[in-house]
Amino acid sequence: MLILFRTSACLPILASLFVSGLMLETAYGQFDPRVEAEQQERREIERREERERDEFRRDMERQREELRREAERLSERVNDVRPRAGELEQRRRQEMEREHHRRMLEGHRLDFEMHKLHMERVATQARIANDPVLSAAFALERLPELVPNEKERREVLEDFLDAAKNPAVKRLIRMKMLELPVEGREREELIEVIESFIE
């Protein structure tokens with residue numbers, strides 16, 4: 001019983017000592033310079049990280065704003081260029097239309113020139129057909145193509161000369177005979193032809 005009394009009497013003392021010890025330990029732990037330094041360092045790291053996060057956010061905002069401004073500038077440039085592109089396209093179309101009209105006019109002019117030349121040729125052929133001397137001259141101009149051999153051509157011209165009745169046509173045939181090269185006795189015949197011109 002005495003032991004119980006002593007134990008129960010000591011129990012509040014022991015409890016108060018235990019609580020006091022805990023309080024002292026807690027108080028000592030609160031004022032421990034190492035713990036305080038670690039907490040201070042932790043708070044400094046957190047503040048530094050917060051500043052870095054804020055700075056990163058500000059950088060991102062600044063970059064976003066710069067990109068937005070750049071996009072606006074590009075949009076303005078595009079808006080400036082669009083009317084110019086339209087003007088250039090319109091000028092190109094006008095140039096193409098002018099070139100098309102010029103080519104059409106040139107084609108019409110060439111058609112007109114060709115028609116004019118054709119009509120002149122037809123009129124010339126009609127004049128030649130109405131004039132026996134011109135007709136003979138036209139026919140004799142084609143003779144070298146039809147009879148390329150000069151000796152044979154001379155014989156053909158002599159036959160034409162014998163058949164011709166118009167004195168002008170005969171002179172024309174003689175002129176064509178003078179254009180051919182001469183050999184031996186043909187020279188004497190050609191001299192006679194020349195004398196016929198001098199009559």
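Q: Buried means under 20% relative accessible area, exposed means over 50%, and partly exposed is anything in between. With that in hand, why is Glu 61 called partly exposed in this predicted model?

A: Glu 61 has a relative accessible area of 47%. That value falls between the 20% and 50% cut-offs, so Glu 61 is partly exposed.

Q: What makes the pairing of Arg 64 and Glu 61 a salt bridge?

A: The side chains of Arg 64 and Glu 61 meet at 2.6 Å, N to O. The cut-off is 4 Å between a side-chain nitrogen of Lys or Arg and a carboxyl oxygen of Asp or Glu, so this pair qualifies. Both residues lie in helix H2 (residues 33-130), 3 residues apart, which is about one turn of the helix. Arg 64 is partly exposed too, at 47% relative accessibility.

Q: How do you know that Arg 51 and Glu 44 also form a salt bridge?

A: Their closest N and O atoms are 3.9 Å apart, and the limit is 4 Å, so the pair counts. Arg 51, at 45%, is partly exposed, and Glu 44, at 31%, is partly exposed as well. The structure holds 20 salt bridges, and Glu 50, Arg 53, Asp 54 and Arg 57 are linked in a network of them.

Q: How do you know that the span of helix H4 agrees with its number of residues?

A: Helix H4 (residues 150-163) has 14 residues, and at 1.5 Å a residue they should span 20 Å. The end C-alpha atoms of H4 are 20 Å apart, so the two values agree.

Q: Which residues of H4 are buried, and why are they said to share a side?

A: Arg 153, Arg 154, Leu 157 and Leu 161 are buried in H4. They cover an arc of only 100° around the axis, so they sit on the same side of H4. The face turned away from that buried side carries the exposed residues Lys 151, Asp 159, Asp 162 and Ala 163.

Q: Which residues of helix H3 are buried, and why can they be said to line one face?

A: In H3, Ala 136, Leu 140 and Leu 143 are buried. Seen down the axis, these residues fall within an arc of 40°, so they line one face of the helix. On the other side of H3, Glu 141 and Glu 145 are exposed. H4 and H5 are among what covers the buried residues of H3.

Q: Where do the residues of the largest nonpolar core come from?

A: This core has 12 residues, including Leu 140, Leu 157 and Leu 172. Helices H3, H4 and H5 each give two or more residues to this core, and H5 gives the most, with 4.

Notes:
Residues are numbered from 1 along each chain as its sequence is written. This is a predicted model: local features need pLDDT of at least 70, side-chain atom pairs count only at pLDDT 80 or more; totals for chains, interfaces and linings use all residues. Side-chain values use heavy atoms; hydrogens and water are left out. The expected span of a helix is 1.5 Å times one less than its number of residues. Buried means under 20% relative accessible area, exposed over 50%, partly exposed in between (1.4 Å probe, protein chains only). The arc is that of the directions from the helix axis to the C-beta atoms. A nonpolar core is a set of buried Ala, Val, Leu, Ile, Met, Phe, Trp, Tyr and Cys residues joined through side-chain atoms within 4.5 Å. Contact means heavy atoms within 4.5 Å.
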